Amino acid sequence: MDSSLRERLGRLGRKKAADQNPSGFPAVLALRPGPDLGRVQTIPAIRALHRRGLPMIRAKRGIEAMVDKGLAVLALPKVEDLSALARDLADSGVTATVVEVGDVDVRCIRERSGLTQEEFALRFGLDVDTLHNWESGRRAMPIAVRSYMRVIDRMPEQAGSALEAAIAQP
């Protein structure tokens with residue numbers, strides 16, 4: 001007597017796709033294919049992301065986007081160890097970097113540039129009083145401004161020239 005497929009699968013029981021980490025910290029990662037796109041192993045990469053709390057479908061879509069576009073940015077809820085995650089992804093042919101949006105020291109960035117508060121504010125399109133409040137700790141910087149400050153810190157010339165426009169000559 002032949003049993004139905006449903007009965008046969010039912011006897012196997014439910015299987016988990018992957019064991020997830022019980023705890024960890026949230027992290028935002030930028031994923032890029034390694035130097036050899038043909039070496040990217042999508043299934044192990046998806047499992048590595050899923051183990052860090054990312055739903056399987058979002059992990060799959062993220063890896064697909066990375067393969068198609070060359071970059072995917074994903075927020076993982078439970079990363080136990082960044083270096084272990086980077087190794088897991090590297091073994092799958094994927095390069096991972098952390099997207100940092102933490103606190104920045106705007107005074108230190110400004111002083112490294114050698115500009116006064118007024119010069120820094122004018123150069124990078126900021127309000128002088130707001131800059132003063134950030135430096136003195138009276139106001140917290142919004143996340144977008146912290147990101148902008150990281151760009152200024154790493155690429156000051158490009159950040160400043162991105163705001164410049166040529167003057168039309170008669």
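Reply: A helix is here a DSSP run of H or I with at least four residues, numbered from the N terminus. The model is a predicted one. H2 covers residues 42-51, and just after H2, Gly 53 takes a positive phi of about 95°.

Me: How many helices and strands does the chain have, and what pattern do they follow along the sequence?
Reply: The chain holds nine helices and three strands. Their order along the sequence is α-β-α-α-β-α-β-α-α-α-α-α.

Me: Which residues of H2 are buried, and what do they pack against?
Reply: Ala 45, Ile 46, Ala 48, Leu 49 and His 50 are the buried residues of H2. They pack against E1, H3, E2, H4 and E3.

Me: What makes a set of residues a nonpolar core, and which members of the largest one touch the most others?
Reply: The term requires buried residues of nonpolar kinds, joined through side-chain atoms within 4.5 Å. The largest core has 19 residues, of which Leu 31, Leu 49, Ile 63, Met 66, Leu 76, Leu 89 and Val 94 touch the most other members. Strand E1 (25-33), helix H2 (42-51), helix H3 (56-69), strand E2 (72-79) and helix H4 (82-91) each give two or more residues to this core.

Me: Why is Glu 135 called buried?
Reply: Buried means under 20% relative accessible area. Glu 135 has a relative accessibility of 9%, and therefore counts as buried. This residue is found in helix H7. Apart from neighbours within four places in sequence, Glu 135 is in contact with Val 106, Arg 107, Arg 110 and Gln 117.

Me: How do the axes of H5 and H7 lie, and which residues meet?
Reply: The axes of H5 (residues 106-113) and H7 (residues 128-136) come within 8 Å and cross at roughly 115°. Val 106, Arg 107 and Arg 110 in H5 meet Leu 131, Trp 134 and Glu 135 in H7. By class, the residues of this contact are three nonpolar, no polar and three charged.

Me: Why is Gly 102 called partly exposed?
Reply: The label applies between the 20% limit for buried and the 50% limit for exposed. Gly 102 has a relative accessible area of 34%, so the residue is partly exposed. Gly 102 lies in the loop between E3 and H5 and, not counting residues up to four places away in sequence, touches Arg 146 and Arg 150. The C-alpha atoms of Gly 102 and Arg 146 are separated by 7.4 Å, although the two residues are 44 apart along the chain.

Me: What makes a residue part of the pocket lining, and which element gives the most to the lining of the largest pocket?
Reply: A lining residue has an atom within 4 Å of a pocket point. Residues that line the largest pocket include Ala 30, Thr 97, Glu 100, Ser 147, Arg 150 and Met 155. H8 gives the most, with four residues. The lining has six nonpolar, two polar and three charged residues, and the space in the pocket is about 210 Å³.

Conventions
Residues are numbered from 1 along each chain as its sequence is written. This is a predicted model: local features need pLDDT of at least 70, side-chain atom pairs count only at pLDDT 80 or more; totals for chains, interfaces and linings use all residues. Side-chain values use heavy atoms; hydrogens and water are left out. On a 1 Å grid over the protein atoms alone, a cavity is a set of points where a 1.4 Å probe fits but cannot get out, and a pocket is an open set with protein on both sides within 12 Å along at least five of seven lines; lining residues have an atom within 4 Å of a point. Grid points are joined across faces, edges and corners, and a volume is the space filled by probe spheres set on the points. Ala, Val, Leu, Ile, Met, Phe, Trp, Tyr, Cys and Pro count as nonpolar, Asp, Glu, Lys and Arg as charged, and the others, Gly among them, as polar. Axes are lines fitted to C-alpha atoms, for helices over the stretch in contact, and angles run from 0 to 180 degrees between N-to-C directions. Contact means heavy atoms within 4.5 Å. Buried means under 20% relative accessible area, exposed over 50%, partly exposed in between (1.4 Å probe, protein chains only).
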